[in-house]
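Colleague: Please show me the model, and then I will ask about some of its parts.

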Amino acid sequence: MDSVFELFKIGIGPSSSHTVGPMKAAQLFATEAFSAKLLDRCCKVKVNLFGSLGATGRGHSSDKAVVLGLMGYLPESVDMSHAKQRLEDVLEYKKINLLEMKEVSFDFDKDVTLYANKFLDFHPNGMSFYIYDSQDKLLKKKTYYSIGGGAILSEDDISRKKLEKKIDFPFGFDSADELLEECRKNSLSISALMMENEKVFRSEFEIRSELLKIWKVMEECVRDGCSSTGELPILGVQKRAKSIYDRLSKKDGFSMIDPLEVMDWINLWALAVNEQNACGKKVVTAPTNGAAGIIPAVMHYMNKFLGNTFKEYDEDKIINFLLTAGAVGLLCQKNASISGADVGCQGEVGVACSMAAAGLAEVMGGTIEQVENAAEIAMEHSLGLTCDPVGGLVQVPCIERNAVASVRAVNAARMALNGNGSHFVSLDSVIKTMYETGKDMMSKYKETSQGGLAVNIVEC
Ligand code: SF4
């Protein structure tokens, strides 16, 4: 798992680890049961969600996501308006049509069980699927883990992974130090090195078009968020992006009478994405759904506010931004974690902030040392960030937190560009610190909604 496309994926909200991952795991389980010719004999299906999935699965719609996955829906292609009706039918008629091939009785309230206080060994986001025949004999059971950013691992993958050979990249690296060393030795920027590595999986043409597709979905998400009105589900918090957009766009372009107006725009773009995410709409996981607003917000800043430097919609800048950000994301994934349930929000918003700062620093002409410094500053000042979503919903504090982190990413990039690249704390040591801090964090601060803001909000 060393491709930037593992970090940037088109999916649905509200959560990559709690919605996208479970839906994929359920679809995979049903597909494997079909391949093993077990669907014909199946009369009953059950799902258990453990740990963080059990604690916040209702708020994140993990329970509904597994039902849709069992029916054959996938996050990248699901049409939610259609799927919603199918889900209501399942709840009302107490029947589920597995992969649209085998209808079995299914009582959502009894057949999907959430275990908030039971954690499986490998990862806090565990889930097990079971199918039975007409005699109640277990036909198949499988456990999967949603390990962050929508990625899943089955129990088989875990044992296989131990034996797996590493992919032979032209410029392999396991740390930021090694990445910079490879760049220096081969006179490559970070994005150019990442492009060469990505060619192990696909052609340059495909890499470029896939990255531009990712950017297009980010842009659409911002646009839709800027025109969406009403309240966020369940908590009833008023959406803010449209009113900010209406106010800012009344001005004649980017007038800059108030120099801090740029901050309003960055906030707006992040809020727009995260409000869409909270409503279960299409977003790009970057590297998670909870942190999906930061990279699009900073890229919009790049396109709109650095217009004198860059021509608007410069494809190379978009591609280089995403490749550089991807390098930092892969380092965090490899040497720490990008899962809020594993290491708190520092692994989601903190990592996205670090990725965005690196991407921006590179497209603004930073040296590889300045890019690494930008990523390091952004991560260093995200250390200790807990994950305590109110009501188990990716809304409070998540939406505002993306806006604040987007501004911080721009600040980190600019601060790094004002230096000469040499700095005291390395990116490797700050990633290591993030991981250790996350491991020391009590589980009530790691996406269980059992501590922090999640328990201190007084309902009016
Ligand atoms: S607090 Fe952070 S890690 Fe937790 S759900 Fe919100 S964005 Fe994700």
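Modeller: Gly290, Gly340, Cys345, Cys387 and Cys398 come nearest among the 13 residues around the ligand, where a residue counts as near if its C-beta atom, placed from the backbone, lies within 6 Å. This is a predicted model, in which local features need pLDDT of at least 70 and side-chain atom pairs count only at pLDDT 80 or more, while totals for chains, interfaces and linings use all residues. Residues are numbered from 1 along each chain as its sequence is written.

Colleague: How many residues of each class are in the shell around the ligand?

Modeller: Ala, Val, Leu, Ile, Met, Phe, Trp, Tyr, Cys and Pro count as nonpolar, Asp, Glu, Lys and Arg as charged, and the others, Gly among them, as polar. On that basis the shell holds 8 nonpolar, 2 polar and 3 charged residues.

Colleague: Why is H16 largely enclosed by the rest of the structure?

Modeller: Helices (H or I, at least four residues) and strands (E, at least two) are DSSP runs, numbered from the N terminus. A residue is buried if 20 or more other C-beta atoms, placed from the backbone, lie within 10 Å of its own. The buried residues of H16 pack against partners including helix H7 (176-186), helix H13 (315-335) and helix H17 (398-417), contact being C-beta atoms, placed from the backbone, within 7 Å. H16 is largely enclosed because its buried residues number 11 of the 13.

Colleague: Is Pro22 buried or exposed?

Modeller: Pro22 lies in helix H1 (residues 16-35). Leaving aside neighbours within four places in sequence, its contacts include Leu53, Ser62, Met127 and Ser146. Pro22 has 32 C-beta neighbours inside 10 Å, so its class is buried.

Methods:
Buried ≥ 20, exposed ≤ 12 C-beta atoms within 10 Å, placed from the backbone. Contact = placed C-beta atoms within 7 Å.
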